[in-house]
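Please read the following report alongside the sequence and the coordinates.

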Amino acid sequence: MTRTYVVTGSASGIGAAATRLLRERGAQVIGVDRHDAEVEADLSNGHGRSAAALRATDLAGGVVDGVIACAGLAAPAPVTVAVNYFGVVDFLDALRPALAASDAPRAVVTASLATFQPNSPELVDACVMHDEERALEIGAALAAAGPQVGMLNYTSSKRALSRWIRSASIRPEWAGAGIALNAVAPGTVETPMMTEMLATPELVAMVDAHAPMPLNYHQSPETVAHLLLWLTGVENTHVTGQTIPIDGGAETVLRGGDVWSWDDAHVAAMLSSH
């Protein structure tokens with residue numbers, strides 16, 4: 001049976017690669033982007049998000065089997081938060097009834113290695129509380145402090161997105177409806193968005209310092225698209241709530257060998273009580 005997918009950011013980069021691969025496999029794909037898509041929309045505002053979700057649902061006939069949300073920005077400005085967090089969460093929430101109508105519903109978001117990097121806790125909290133007005137105010141203040149601080153709009157939006165995925169995925173309206181909900185965290189992907197950042201050896205060295213990739217170095221959009229397709233395919237019956245690094249080992253280099261010690265204090269207390 002033909003599966004129907006909605007792909008945001010379908011006109012370029014990872015979204016375009018996923019759209020092409022899906023169509024090669026015989027899927028129906030409804031692309032959502034600012035241009036060159038079945039649904040042309042601006043996901044930086046509430047009206048654009050709701051209109052896009054309504055149109056995509058209509059084109060899908062009320063049943064969506066998979067959503068691949070790739071639309072995003074990397075500008076040191078609050079609009080990045082509007083698109084990367086609220087544009088994703090609101091759009092997915094609006095499509096949830098159409099996903100629930102599928103026999104094997106799946107949704108996945110393109111996060112980033114940035115989800116594991118420094119961020120603004122205040123901005124992350126505003127996003128997780130779904131206070132868009134407050135989040136944009138904080139983002140604007142960060143942007144006013146200069147481009148370097150302004151890039152916390154990007155890392156914070158991705159951290160908040162991973163936190164939302166983790167909390168929402170196990171709720172009755174997602175897991176209870178059989179909808180797998182995940183994110184992927186790529187390293188440096190050779191997309192049009194990265195062209196300027198990789199324009200000189202000095203810039204490449206800076207990027208590599210933030211995203212060291214010992215396995216196979218920089219990646220093509222297709223490497224990420226293949227994982228997105230598996231996560232939204234019928235084969236994925238139990239992976240949910242995860243932000244999965246696909247980064248040539250960058251997350252391991254940056255965070256080190258032990259990410260399991262979060263509950264060590266509790267275990268030590270339990271053992272000492274006996």
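The report below begins with the basis of the model and then turns to its parts.

This is a predicted model, in which local features need pLDDT of at least 70 and side-chain atom pairs count only at pLDDT 80 or more, while totals for chains, interfaces and linings use all residues. Residues are numbered from 1 along each chain as its sequence is written, and side-chain values use heavy atoms, with hydrogens and water left out.

Helices (H or I, at least four residues) and strands (E, at least two) are taken as DSSP runs and numbered from the N terminus. Helix α3 covers residues 78-100, 23 residues in total, and spans 32 Å from its first C-alpha to its last, close to the 33 Å expected at 1.5 Å a residue; the expected span is 1.5 Å times one less than the number of residues.

Although V89 and R49 are 40 residues apart along the chain, their C-alpha atoms are separated by 9.6 Å.

The open spaces come next. Rolling a probe the size of a water molecule over the atoms shows where empty space is left. A pocket is defined on a 1 Å grid over the protein atoms alone, as an open set of points where a 1.4 Å probe fits, with protein on both sides within 12 Å along at least five of seven lines, and its lining residues have an atom within 4 Å of a point. The second largest pocket has a volume of about 460 Å³, where grid points are joined across faces, edges and corners and the volume is the space filled by probe spheres set on the points.

Fifteen residues line the second largest pocket, and those nearest its centre are F116, R166, Q242, T243 and R255. Helix α7 (152-168), strand β7 (243-246) and helix α10 (250-255) each supply at least two lining residues, and the largest share, four residues, comes from α7. By class, the lining has five nonpolar, five polar and five charged residues; Ala, Val, Leu, Ile, Met, Phe, Trp, Tyr, Cys and Pro count as nonpolar, Asp, Glu, Lys and Arg as charged, and the others, Gly among them, as polar.

How many disulfides does the model have? The count comes to zero, a disulfide being a pair of cysteine sulfur atoms within 2.5 Å. For C70, the closest cysteine sulfur is in C127 at 19 Å, which is too far for a bond, and C127 in turn has its closest cysteine sulfur in C70, also at 19 Å. C70 counts as buried at 15% relative accessibility, and C127 is buried at 0%.

Two residues other than glycine have a positive phi. H130 has a phi near 60° and sits in the loop between α4 (121-128) and α5 (132-144), where H130 counts as partly exposed at 37% relative accessibility. Y217, likewise with a phi near 60°, lies in the loop between α8 (201-210) and α9 (221-231) and is partly exposed, with a relative accessible area of 40%.

| Residue | Relative accessible area | Second residue | Separation along the chain | C-alpha separation |
|---|---|---|---|---|
| P147 | 63% | Q242 | 95 residues | 30 Å |
| G61 | 63% | T4 | 57 residues | 9.5 Å |
| H238 | 74% | I179 | 59 residues | 9.7 Å |

P147 lies in helix α6 (residues 147-150), whereas G61 is placed in the loop between α2 (46-59) and β4 (66-69), and H238 lies in the loop between α9 and β7.

Definitions and conventions:
Buried < 20%, exposed > 50% of the residue type's maximum accessible area, 1.4 Å probe, protein only.
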